[in-house]
Amino acid sequence: MLEADKVFSGSIPENYDRWMVPLIFEPYAQDMARRVAALKPAAVLETAAGSGGGTRALGPPPAPGARYVVTDLNPAMLDFAATRQPDGSPIAWQQADALALPFEDGTFDVVCCQFGAMFFPDRIAGYREARRVLRPGGRFVFSVWDRIEANAFADEATRTLGEIFPDDPPLFMARTPHGYHDRALIARELAEAGFAPVTIETRAEESRAASPRIPALAYCQGTLLRNEIEARDAKGLVAATERVAAAIAARHGEGAVSAPIQAHIIEAAAPA
């Protein structure tokens with residue numbers, strides 16, 4: 001992962017939430033909300049919350065009277081996530097680095113993280129921090145994307161941009177969001193961080209949009225692919241987006257489109 005792969009700023013947070021969240025995140029957010037609620041936690045910490053797609057699925061708190069703290073490293077994303085919550089929401093918002101959490105040991109029953117671990121520059125350190133702030137027997141529940149080839153729209157956007165910029169293809173999606181998909185590696189790193197047992201479920205879903213232009217906008221203008229496109233051609237964002245939309249239409253049709261997405265859902269237990 002490059003350092004620039006963590007900088008969600010400008011219009012990207014809003015575009016990400018507008019197009020990307022409903023396109024690929026919502027079914028996994030609902031699944032995670034069910035898993036967390038089933039644990040009946042009294043205190044939940046969400047790390048790397050992004051624009052708050054998972055937060056909205058989890059909130060109101062997963063159990064009556066539960067404490068729910070939501071964090072992200074990126075202020076722009078966290079600020080946007082807070083605006084998407086209703087007035088009077090009991091959620092506590094706090095900027096925090098998942099690798100150096102500002103909480104005491106054994107504070108939470110559940111730590112959850114939806115599609116954020118891929119961005120950790122040191123995943124084992126991030127996992128150790130999650131274990132540290134969990135109470136004995138607490139659960140770390142998180143998700144990561146499977147390989148890019150199992151996620152059609154992301155793969156098609158990446159391949160199309162590679163055709164536009166063959167000498168320097170924009171590879172953010174393959175490098176970071178889809179760059180941490182090895183189940184054996186995930187299990188090994190969690191074990192090194194002190195979690196046991198660990199379960200990993202690979203879950204297939206369907207990504208749907210009203211037109212091919214929506215996934216093109218989502219990937220080209222709602223992710224850090226935007227920065228990579230503009231770094232290669234400062235005036236080429238619109239043309240690149242339309243080229244990706246045309247490629248998706250050629251494969252999936254001009255009307256409503258759907259394509260497979262796939263992720264790993266991980267549940268890891270802190271020592272009792």
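Let's start with two helices. The axes of H1 (residues 12–38) and H3 (residues 75–83) come within 9 Å and cross at roughly 50°. On the H1 side, the contact (heavy atoms within 4.5 Å) is made by Pro-13, Glu-14, Tyr-16 and Asp-17. H3 brings Ala-76, Met-77 and Phe-80. By class, that is five nonpolar, no polar and two charged residues.

A word on the source. This is a predicted model, where local features need pLDDT of at least 70 and side-chain atom pairs count only at pLDDT 80 or more, while totals for chains, interfaces and linings use all residues. Residues are numbered from 1 along each chain, and side-chain values use heavy atoms, without hydrogens or water.

Now salt bridges (a side-chain nitrogen of Lys or Arg within 4 Å of a carboxyl oxygen of Asp or Glu). The count comes to 22. Take Arg-213 and Glu-242, with closest N and O atoms 3.1 Å apart. Arg-213 lies in H8 and Glu-242 in H10, so the pair ties together parts 29 residues apart in sequence.

Next, Glu-230 and Arg-226, at 3.5 Å. They sit four residues apart in H9, separated by about one helical turn. Arg-226 is buried at 18% relative accessible area (buried is under 20%, exposed over 50%, partly exposed in between, with a 1.4 Å probe and protein chains only). Glu-230 is partly exposed at 29%.

Last, a network. Shared partners join Asp-31, Arg-34, Arg-35, Arg-139, Glu-201, Arg-203, Glu-205 and Glu-267.

Note on methods:
Axes are lines fitted to C-alpha atoms, for helices over the stretch in contact, and angles run from 0 to 180 degrees between N-to-C directions. Ala, Val, Leu, Ile, Met, Phe, Trp, Tyr, Cys and Pro count as nonpolar, Asp, Glu, Lys and Arg as charged, and the others, Gly among them, as polar.
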